[in-house]
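Good morning, colleagues. Please turn to the structure on the screen, and I shall take you through selected features of it.

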Amino acid sequence: MASFPIGATATLEELEADPHPLLARLRESEPVSWLPALNAWLITRRDLALEAMRDPATFTVDDPRFSTGQVVGPSMLTLDGSEHGRHRDPFARPFRLDPVRERFAELVETETNALLDELAPAGSGELRRGFAGPLAARVVAFALGLQQIETATILGWYDAIVEATTGISAGRPVSSAGREAATALRDALEPSIAGDPGSSLVAAAASAGGLSHDEVASNAAVLMFGGIETTEGMIANALWHLLTHEDELELVQSEPALLQSAVEESLRLEPAAATIDRYATRDTDFGGARIGRGDLVTISIAGANRDPASFPDPDRFDVRRDNAGRHVAFAGGPHVCIGMHLARLEAHTALRLAFERLPSLRLAAPAAPRGLVFRKPPSLNAAWNA
């Protein structure tokens, strides 16, 4: 452990506020480093991150310490091998690209416009929790058959689960609020699980057989958590990047086809989920480090996404970057994000309509993304011409 001097001096505050200079130093000198602040190995190089994500036999999620599993129970996110397939497969088909477009495109357009109808006349507003978060929550509610639940209630459950999961990563026990939110969500899902298979994704998964109601609910909690977090962060970070880079925004506005590239570049530069956790199943030499069986191995998605070996001038926001899509913001290997097509659909729609319907959109009080595990602006206060 003493042979990792950069990792030894890293602090949680540094990792939460602006980790990118630290990640660059680690990537260059200690691509697999021991960080006492995390009580974990941290992988920052892209090739090593991909190798670890693609090798569940050596780096597994199937460990009782896995943070999300402690909060919501076993799910596709916390299992490997055949059990992972048993939990993931009933949900996978509806999240393929064509079914997502068919099932969700009109809904996303309608809900985005409804939110902008409320925001536009005021001439100012907060666009993270006032726009990105509610959009993500409304789409997740539709997907899970929770349309009868108030958006604020769903966001409250989500906030508590995020806080509990982040707290575990920072060394704190599971909060009572996190446990209560997971229980409330499970209770609310029960009518949907028992519903007609065509009514929601959870009903379809339950009707496929192979999963108990508790298992369907745990996976639905993961979908809610991931769906809101990924999408809210994607939209907020992309808005922040474009609104703090006038030249790039002008390019996108003059060439609307660049909007999708801008979203990918934003995902590369500031992924909503900055890290993912694995546990070593055996002693292994990896990236110049001797990792012990049972050690926590944290993969820095943020570090991998700014690896100069793959992305020249990696700290620059460049909407014309031709390989931005090689980012690993949705992870990789068997645990690649099941909802990435839906998250992209929401982000593309939200940004397109926001810039169309909020003329001269600008930030009123810029606040850079921050967060240890989940990174986004604490707030996104903006103004526009009403």
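I shall discuss a pocket, a residue of its lining, and then a position in a helix.

Please bear in mind that this is a predicted model.

Let me begin with the largest pocket. The space within it comes to about 470 Å³. Its lining is made up of 31 residues, and those nearest the centre are Leu38, Ala40, Ser169, Leu296 and Thr298. Which elements each supply at least two residues of this lining? They are the strands β2 (40-43), β5 (275-280) and β8 (296-300), together with the helices α5 (67-72) and α9 (151-169).

Thr298 belongs to strand β8. Is this residue buried or exposed? Thr298 has a relative accessibility of 5%, and because the cut-off for buried is under 20%, it counts as buried. The side chain of Thr298 forms a polar contact of 2.9 Å with the side chain of Asp277. Beyond its neighbours within four places in sequence, Thr298 is in contact with Ala40, Trp41, Leu42 and Ile43, and also with Thr275, Ile276 and Asp277.

Finally, I would draw your attention to Gly227, which is located in helix α12, spanning residues 213-243. Although Gly227 and Val139 are 88 residues apart along the chain, their C-alpha atoms are separated by 8.6 Å. With neighbours within four places in sequence set aside, the contacts of Gly227 are Ala136, Val140 and Val222.

Thank you for your attention.

Technical notes
Residues are numbered from 1 along each chain as its sequence is written. This is a predicted model: local features need pLDDT of at least 70, side-chain atom pairs count only at pLDDT 80 or more; totals for chains, interfaces and linings use all residues. Side-chain values use heavy atoms; hydrogens and water are left out. On a 1 Å grid over the protein atoms alone, a cavity is a set of points where a 1.4 Å probe fits but cannot get out, and a pocket is an open set with protein on both sides within 12 Å along at least five of seven lines; lining residues have an atom within 4 Å of a point. Grid points are joined across faces, edges and corners, and a volume is the space filled by probe spheres set on the points. Helices (H or I, at least four residues) and strands (E, at least two) are DSSP runs, numbered from the N terminus. Buried means under 20% relative accessible area, exposed over 50%, partly exposed in between (1.4 Å probe, protein chains only). A polar contact is a pair of N or O atoms within 3.5 Å; within protein, one must be able to donate a hydrogen and the other to accept it, and residues adjacent in sequence count only if both atoms are side-chain atoms. Contact means heavy atoms within 4.5 Å.
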